[in-house]
Amino acid sequence: MTGNGFPENCVVVGATGGIGAAFVRQLVARNGVKSVWCLSRTGRSPVQGSKIRSAGLDITSPDSVLAAAQVVEASAPVDLVIVATGLLHDDKLEPEKSLRDLDAEKLARSYLVNAIGPALIAKAFLPLLSRERKSVFAVLSARVGSISDNRIGGWYGYRAAKAGLNQLLRTASIEHARRWPESIVVGLHPGTVDSGLSRPFQRNVADGKLFTPDFAARSMLDVLDGLDAGSTGRVFAYDGLEVPA
Ligand SMILES: NC(=O)c1ccc[n+]([C@@H]2O[C@H](COP(=O)([O-])OP(=O)(O)OC[C@H]3O[C@@H](n4cnc5c(N)ncnc54)[C@H](OP(=O)(O)O)[C@@H]3O)[C@@H](O)[C@H]2O)c1
């Protein structure tokens, strides 16, 4: 990211995840960056250094999100917020292959983590963004959240939650632009990235298409660097191409 001093003060939510940690590493390495807030459930940061600040945050708890925003507010305005949290599978959840696999509680949990959590972050953190210059609020979405691009089905809960996330971001972008005309609120598709989230599903990935977290984070930062206020409300992939709704 270069030029115009963007970004100086950054926040990475989900800083202990595969892609979140790579964002922290990439941002810290940039000359213009002065501080990087690392927010995560454990409150740990993936790297140490004079630019790093850290605090705990559970995106599914409104109180926790509010408390973290109050901590970060002391160093506002913020130029860049990246939300790199997300859930595809864990010991109680796996992506559905068929309608037969649908389970109300699991669908709700996916929506809570993948859509409601980032929306709560938007509610608490958008007011902390710089108003006088370029500011970006970016959330990791996924290409599978695109309804028009859905050709192979499956993964009901994750797909629907990411589609819901994209709509929440679009709606927030419209409201936010009224008072922050230079602001950019976007979703990002990182490509298929080697992390805990993708690990069980990497078998069919074509050669050269499984990215390292650092490649994905660097590519997405380059994409954010090229965006302007006209890009707000949209979803962009790591290569800069727009992901259709
Ligand atoms: N990897 C891919 O191929 C791929 C492809 C498309 C989209 N994405 C998206 O990219 C984003 C990052 O994924 P990743 O690959 O980096 O996965 P990851 O390594 O599993 O990281 C996910 C992160 O989300 C955090 N998280 C989950 N629930 C949380 C909660 N309630 N409160 C706070 N943090 C919570 C986890 O925190 P802990 O560290 O505390 O567990 C972890 O840091 C996700 O939105 C994912 O959907 C990834």
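Predicted model: local features only at pLDDT ≥ 70, side-chain atom pairs only at ≥ 80, totals over all residues.
Visitor: What do the residue numbers and values rest on?
Guide: Residues are numbered from 1 along each chain as its sequence is written.

Visitor: Why is arginine 143 called partly exposed?
Guide: Its relative accessible area is 29%. Buried means under 20%, exposed means over 50%, and partly exposed is in between (1.4 Å probe, protein chains only). Arginine 143, at 29%, is therefore partly exposed.

Visitor: Where does arginine 143 lie, and what does it touch?
Guide: Arginine 143 sits in the loop between strand 5 (135-140) and helix 4 (156-179). Helices (H or I, at least four residues) and strands (E, at least two) are DSSP runs, numbered from the N terminus. Arginine 143 touches Asp149, His189, Ala237 and Val243, leaving aside residues up to four places away in sequence. Contact means heavy atoms within 4.5 Å.

Visitor: What makes glutamate 8 and lysine 34 a salt bridge?
Guide: Their side chains meet at 3.4 Å, N to O. The term asks for a side-chain nitrogen of Lys or Arg within 4 Å of a carboxyl oxygen of Asp or Glu, so the pair qualifies. The pair links distant parts of the chain, 26 residues apart. Glutamate 8 is in the segment before strand 1 (9-13), and lysine 34 is in the loop between helix 1 (18-28) and strand 2 (35-40). Lysine 34 is exposed, at 51% relative accessible area.

Visitor: Why can such side chains pair?
Guide: Side chains of opposite charge can pair when their charged atoms come close.

Visitor: How many salt bridges does the whole structure hold?
Guide: A search finds 9. One of them joins arginine 109 and aspartate 90, at 2.5 Å, N to O. Arginine 109 lies in helix 3 (residues 104-125) and aspartate 90 in the loop between strand 4 (80-83) and helix 3, so the pair ties together parts 19 residues apart in sequence. Both are partly exposed: arginine 109 at 30%, aspartate 90 at 27%.

Visitor: How do you know that aspartate 149 and arginine 151 form a salt bridge?
Guide: Their closest N and O atoms are 3.1 Å apart. Aspartate 149 is partly exposed at 23%. Arginine 151 is exposed at 67%. Elsewhere, salt bridges that share partners join Glu8, Lys34, Asp79 and Arg133 into one network.

Visitor: Which residues come nearest to the ligand?
Guide: Of the 27 residues around the ligand, Thr16, Thr85, Tyr158, Val193 and Ser195 come nearest. A residue counts as near if one of its heavy atoms lies within 4 Å.

Visitor: How much of the ligand does the protein bury?
Guide: Alone, the ligand exposes 900 Å², and the protein buries 86% of that. Accessible areas come from the Shrake-Rupley method with a 1.4 Å probe; for residues, only the protein chains shown count as cover. Helix 1, helix 4 and strand 7 (192-193) each give two or more residues to the shell.

Visitor: What makes helix 1 mostly covered?
Guide: Of its 11 residues, 8 are buried. Among them are Ile19, Phe23 and Leu27.

Visitor: Why is serine 231 called buried?
Guide: Its relative accessibility is 7%, and the cut-off is under 20%, so serine 231 counts as buried. Serine 231 touches Val186 and Phe236, apart from residues up to four places away in sequence.

Conventions: Heavy atoms only, no water.
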